[in-house]
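Hello,

Please take a look at the model below. My notes follow it.

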Amino acid sequence: MSDVCLILEGTFPFVVGGVSAWVYDLIRGLPDLKFSVIHISPMPTTFRELKYEFPKNLVFFEETYLFDYQIEKRGSWSWRKRRAWKELARAYRDLLRGRMNAFPTLARWIHGGIDCPLNLHDFAHSEPTWKFILSQYHREKGHPSFIDYFWTWRLLHLPLIQLLRTPLPEASVYHAVSTGYAGFLASIARVRTQRPMLLTEHGIYTRERKMEIFQSSWIHSELPKSLAITTTRDFFRDWWIRTFSWMSRLTYTYADAILTLFERNRLLQIEEGAGASKTRVIPNGVVLSRLRNIPRPGGLHVPPRLLFFGRVVPIKDVKTFVKVIKELTVIWPNLEARIAGPTDEDVPYYQECEQLVRSLQLGQNIRFLGRVEAETVYAWPDLLVLTSISEAQPLVILEANACGIPVVATDVGACRELLEGAAPADRALGPSGLITPVGDVAALARSIRTLMENPVLYKRMAFAGRQRVNRSYRQEVLLAEYQSLYENAMEAQPPWPA
Amino acid sequence: MAGIGFRLRELAQKESLWATLQVHIYSAMISSGPWVITILNLFIISLWNPGAMDDVDRATMFCMISYAMAFSFVITGTVSLAFTRYLADQVYQEKYEELLPALNGFLLFILTAASVVGYLFVRPLPLSAFVKFCGLLLFLALSCLWVIMIYLSTLRDYVAITTAFALGAVGGWALALGLGKGGGLALRLLGFTFGQLVTAALLALRLFKELGAYTAVHFRFLPAIRRYSTLVAVGILYHAGFWVDKVLFWRSPYGMRISGFAICPFYDTALFFAQLTMIPTITLFLVHIETHFFETYREYYRECVRKLPLAGILASKIKIHQSLRQGLELILKYQGAVSLLAIASAESLVALFHLDPAQIPLLRIALLGAFVQSLMHVILILVLYFDLQKVALAMTAAFAFSNFLLTRLTIEMGVPAFGYGYLGACFCALVVGYVALDRAVANLEYYTFAKQPILPVA
């Protein structure tokens, strides 16, 4: 029995990154609370390294898999199954129409207990399921490819059924760290245990999935392969996006509090269906005491020292950074750049980056450091450069600013808010870095030059950075806010009998 | 690895009479060849008596050939469905080099089992050791031949196959009659056995040339046999059903003991003869399946994958329906004609083949039974084509059990009821199979999609 059950998807403890670090700091920062973690992955893989050590107050850890189906032998189609099936079909149709209050019916009829009338075999192979899929197929206007329809139906629904059958650890509060499948599981917990459910979103899950879905090549496209721009909706991509969108709205409906890291995201959440009164912003935070004391040089280095701190994956757009360095070497041939961050998450991409460095002859200028501890790198650089294509609220910007390092970043996520200020009082502190368009190598190079050639501006921005982080982005504040959230939630109702 | 189907389709494309004739003769040969030859031998060698073979010897010979045939069918038939399925899996994965070593392994496996079973069976018989040895040899030779027949559809060279059968048959007869003139029973048997061995050897040679391999022999098919245990059960039940009525007659008051064999020539000869009339069905069916039906069948599965809407898939399913109906109509027509003709001329046939006139009513019923059995056989093959293993099990179980029960009943009821057990059993199995197949084809898309196992994402 734990106090807080964190429900995660694709992050801590297997992936090194902003969200994982946030989770890790949260657990460590609230040592009086007992945490449990459910981690949702697609499939069990042979061995996965734990990238983080478990804090002492993490008392329970479980993995659950979306696509690892244990399909048992079927029982006969008894009247109990028939009744369950009828109720389910009705609840399903209600849910499709947006009536989220039909969800508890779903959670009641599909569960992992022995007395559940329907099992995975029924949902995968039985005739009623087949007839149901056919009836849904015939409702669709236009006649999409049947084989794709059938398998998409399975691919979309079976993981959800799998989650409905997952046993939940007992906890006083359930806290999902994204919508999507984690949010779905959290909603199940909310409905089954009647304990409060919190949601914290770093990035907006639905939007991130939208990007991936549009880029994916394996989803069958119903559109004719022509170059013309059409407004015809692409059936299967639509279906995927609608499903994720629905999962978000479900989580928003059943969450008792919806948190996110910055205001722009909060507005996006409301746009995606979150009740405005439930939403709140609790920004990321850093531990000032550790960062403030990192020794910083008195002046700027010549040639400049530029730091890139992030995972070497396509979404961080390391290649643009490399190209920026190339442009800057025209002015500063001995420019030094370090890329700090794990290189093992997307090895082909990392190799491409290395290849790019070699072909641009930047071997003397750029070094890949691999995974490093945050505090070890901030003594070295003049500037932090962020070239990501998509971000939430990068911790590295906060850390750099806390050390007195200005930042040049692309205009994604909360970067602008962090560097230019959010509320008017925050803006009054002045900018702590420069914002450029995404992928704009020239603009990035220009901004870096501006800062490096203008020591007064640099000093002003460094100072603004420290002030901003001190005022609004301290980890102590974050931990205090979550502590009070958890305590309120734990006291909300009497605990369910064991 | 195109094999016979390819060849048949090729020939069927040509619009000449000779080509069509070739197609049918070839199909008849590879589907019924050795079995027909064996039965013909039964008649020729045992009933037509040019050499100086006395009645006891003649009867013994009849028994030995019947028993050798029965045992060899049963011992190969029980596992060959599962083994053939294993081969099909290898062909699908394009692991053609597995086929030949599997053949050798399977032969070893069967021959070992057959030797043990055969030895245990012939030991207590009151015959000379040499005769027993010849009988055993015949049993093993036939078992070999049936195993090699499994692979026959991989060969395209029907000239070679025809030669093998012809040489074996003619040679066997010649040797049997020639040797038997002076030497009597054992040598006749040997001669016949030798003929079958020649066929087996020639076919095996052709197979070895056709299929390449890296290893000489392996037993990797054994786990497959365990995996397809339903098919093993189907094999056992089918052959049990096929022989149970004859065995019941052998052990009944109407049977007799000859040299230690329990036999009932009255029943057996009528049945064997009647079953010869199944040849048209089996031939026609093989031709139709490999040409017309297979195309519609393959097209359906292709359409499923081709990103068509449901209506398109259902349209190609209708083509399967049509093809099946066409095939069955064809078989009903031709087989019906042949069977009717035979029934009508039962008396002349009995006279022609020196059978007992008292067998005429039995022969008539048996011919009708053979007609129904040929239909049942066709339905069983189709059921297996669609991989409806449980349905096949139900059919063969119905066949075996009803044959057992009904034949016992007819033995109690006396001579006028003979044959109705066999007829009834075939009919039962046919009904079970037909109803299930009809339902399965009607719901084909349900089986194609919803029954697909959900395999882990690699």
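**What I found**

Phe121(B) counts as partly exposed, with a relative accessibility of 27%. (Buried means under 20% relative accessible area, exposed over 50%, partly exposed in between, with a 1.4 Å probe and protein chains only.) Phe71(B) is partly exposed too, at 25%.

Some ground rules. This is a predicted model, where local features need pLDDT of at least 70, side-chain atom pairs count only at pLDDT 80 or more, and totals for chains, interfaces and linings use all residues. Residues run from 1 along each chain as its sequence is written, chains are lettered from A and ligands numbered from 1 in the order written, and side-chain values use heavy atoms, without hydrogens or water.

**Confidence**

The predictor gives the complex an ipTM of 0.73 and a pTM of 0.78. Chain A has a mean pLDDT (the predictor's confidence in each residue, from 0 to 100) of 89, and 96% of its residues reach 70 or more. Chain B averages 84, with 94% of its residues scoring at least 70. Within chain A, strand β12 (residues 407-410) has the highest confidence, at a mean of 96. Helix α14 (residues 374-377) of chain A has the lowest, at 84. (Helices, H or I and at least four residues, and strands, E and at least two, are DSSP runs numbered from the N terminus.)

**Aromatic rings**

Rings of Phe, Tyr and Trp (its six-membered ring) pair if their centres lie within 6.5 Å; planes under 30 degrees apart count as stacked, over 60 as edge-to-face, and the rest as tilted. That rule gives 70 aromatic pairs over all chains. In one of them, the rings of Phe71(B) and Phe121(B) have centres 4.9 Å apart and planes at 45°, so the pair is tilted. Phe71(B) sits in helix α3 (residues 55-92) of chain B, and Phe121(B) in helix α4 (residues 99-122) of chain B. The pair therefore ties together parts that are 50 residues apart in sequence.

From chain A it includes Trp130(A), Tyr137(A), Phe146(A) and Trp239(A). From chain B come Tyr446(B), Tyr447(B) and Phe449(B).

Charges also sit over rings (NZ of Lys or CZ of Arg within 6 Å of the ring centre and within 35 degrees of the ring normal). Arg48(A) lies over the face of Phe14(A), 4.1 Å from the ring centre. Lys246(B) lies over the face of Tyr422(B), at 6.0 Å.

**Between the chains**

The contact (heavy atoms within 4.5 Å) takes 23 residues from chain A and 18 residues from chain B. Buried area is the accessible area (1.4 Å probe) that two parts lose on being put together, summed over both. For chains A and B, the area is about 1,800 Å². Carbon and sulfur atoms give 69% of that area. The two chains share two salt bridges (a side-chain nitrogen of Lys or Arg within 4 Å of a carboxyl oxygen of Asp or Glu). Lys307(B) and Asp148(A) form a salt bridge, N to O at 3.0 Å.

**A serine in chain B**

Ser143(B) is in helix α5 (residues 129-150) of chain B. Ser143(B) is buried, at 0% relative accessible area. Leaving out residues up to four places away in sequence, Ser143(B) touches Ser72(B), Ile75(B), Thr76(B), Ile110(B) and Ala114(B).

**Backbone and neighbours in chain A**

Check the cis peptide bonds. Phe12(A) to Pro13(A) is cis, with omega near -5°. Pro13(A) lies in the loop between β1 (2-9) and α1 (18-29) of chain A. Val302(A) to Pro303(A) is also cis, with omega about -5°. Pro303(A) is in the loop between α11 (288-292) and β8 (305-309) of chain A.

Asp317(A) has phi near 50°. Asp317(A) is in the loop between β8 and α12 (318-328) of chain A, and is buried at 13% relative accessibility. Gln361(A) has phi of about 55°. Gln361(A) is in the loop between α13 (347-359) and β10 (366-370) of chain A, but is exposed, at 66%.

Last, Tyr24(A), in helix α1 of chain A. Tyr24(A) is buried, at 17%. Beyond residues up to four places away in sequence, Tyr24(A) touches Phe12(A), Tyr52(A), Glu53(A) and Pro55(A). The C-alpha atoms of Tyr24(A) and Glu53(A) are 8.9 Å apart, across 29 residues of chain.

Best regards
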